[in-house]
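Reader: Could you take me through this structure in a few questions and answers?

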Amino acid sequence: MHLLTLHEYPCLCFYAVLLVGSLIILIRRYRNTESTANIPPGSQGLPLIGETMQFMAAINSGKGFYDFVRVRRIRYGNCFKTNIFGKTNVFVSSTESAKVILNNDLGKFTKGYIRSIAELVGDQSLLCASPQQHKLIRSRLTNLFSSSSISLLIKQFDELIMGTLQAWEHRGTVVVLNEVLKITFGAMCKMLMKIESGEELETLEKDVAYVYEAMLAFPLKLPWTRFYKGLEARKRIMRTLEKMITLRRRGLEANHEDFLQYLLTEDDETLRLTDAEIQDNILTMIIAGQDTTASAITWMVKYLGENQKVLNTLKAEQLHLVEKRSSKSFLTLEDLNQMPYASKVVKESLRMAAIVPWFPRQALQDCEIEGYKIRKGWTVNVDARSIHLDPINYNDPNEFNPSRFDDESKPYSFLAFGMGGRTCLGMNMAKAMMLVFLHRLITTYKWGVIDSDSSIEKWTLFSRLKSGCPIQVTRITTN
Ligand code: HEM
């Protein structure tokens, strides 16, 4: 038997250490592959803050906050993960995944939101309420969006637009976004709580703007921060609403036919919303309805200004309608139903602008999306903008072509208003406002876009044009 000589021992030890070391590395590697296999690609960024700085940099740039997602989607594909504000966020951009997540048939997802947004709109808001509370509030609010409410809104909105357009004649140049923000704000406040004009409306408008600007701000509560100013503005809005509710309950204010009155006069106790729920949701509806609709109208004017052929077809349809309508009264729901081409212009504008670029949901359990593992607690965002601009879903997606909607589009490829249990409540109202605006603009003015810059405004929650779309208008005469 060969015994090891003294000088052979170190050699054997060396090989043993090498073998054990290699085994440990192999086992670790195996374990790692097992735990990270199928996890979506992407960077988690720095410890704790993740990629928050990059996200904030995008918000603060002219490209808008969506650019953060766009860059990563190009790098990683249809499904990737990142870390924002200390939370893992996954972005997905296929129609199949959109269907699974937004329909949520298996109850694996719930609405996700940023905690600081809940502080601004209130935790009783439809946007942040628990699933059970959401169900109750949504069923209550859905009744508000009946066709008779929409008919009334069309009349009120038309009146506001006609007044505004009249004033344009002597101005020559107008900034569409600024004008439309005022009109949509006026229309929302009238519909919700009959505030029509005066100091009360102006103060409310300023305060809502503060809340809106705080929604993407860093949640630092120091007096000079955007977030703090938003919270203070929220307090003032809540005080105004509280006062209004008290006066109405005491019968000290005229009995209005508005959303607030409807919510206050529910006889069935089980359906009645608390004052806090009413207040938070009135604010939510202003925020959800004003900026989105105004931004959408602004993009629509820009797209039309850049596409003369589409504009000509639209003009022909609208002038024909003017001839057909015998009276010069306000537009009606029936009139809007006779605007098939304009409806496609609205839809195409919403597709291209993707005003709400993605919809966050929180995973309630471990699950799988696009073949990747999603862990319980992660935020999964349906990237509507990518879906709208994907050549798989739309030919020449960057071309403004309303006629593409002559044919049925692929399921879950048009997500401007979301889908499933969280679909936009104001969808029909928003479309009606866009059509009314379009009709009045097209039949009253010729216009040219002065500034074609497509930069996005900084610090805004919805995609807003930074230039506001300044246009030069000239009145036209119709017989
Ligand atoms: C062009 C204008 C509009 C666009 C593009 C838009 C878009 C959207 C989208 C995409 C969602 C769903 C988000 C998600 O699933 O996470 C949503 C929800 C909502 N929208 Fe709109 N919206 C518009 C106008 C309005 C108007 C005029 C109102 C009401 C007055 C309104 C009220 C709401 C409310 C209350 C929700 C929350 C629904 C829920 O969570 O159950 N929106 N909107």
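The questions below turn to the ligand, then to a helix pair, then to a sheet.

Author: This is a predicted model, in which local features need pLDDT of at least 70 and side-chain atom pairs count only at pLDDT 80 or more, while totals for chains, interfaces and linings use all residues. Residues are numbered from 1 along each chain as its sequence is written.

Reader: Which helix supplies the largest share of the shell around the ligand?

Author: Helices here are DSSP runs (H or I, at least four residues), and strands are runs of E of at least two, numbered from the N terminus. Two helices, α12 (275–305) and α17 (427–444), each supply at least two residues of the shell. The largest share, seven residues, comes from α12.

Reader: At what angle do the axes of α7 and α8 cross?

Author: Axes are lines fitted to C-alpha atoms, for helices over the stretch in contact, and angles run from 0 to 180 degrees between N-to-C directions. The axes of α7 (residues 147–168) and α8 (residues 176–193) come within 10 Å, and they cross at roughly 145°.

Reader: Why is one side of β4 and of β9 left without a neighbour in the sheet?

Author: Two strands pair if DSSP finds at least two bridges between them, and the open sheet has three strands, in the order β4-β10-β9, with antiparallel pairing. One side of β4 (173–175) and of β9 (445–449) is left without a neighbour because each stands at an edge, with a single partner strand.
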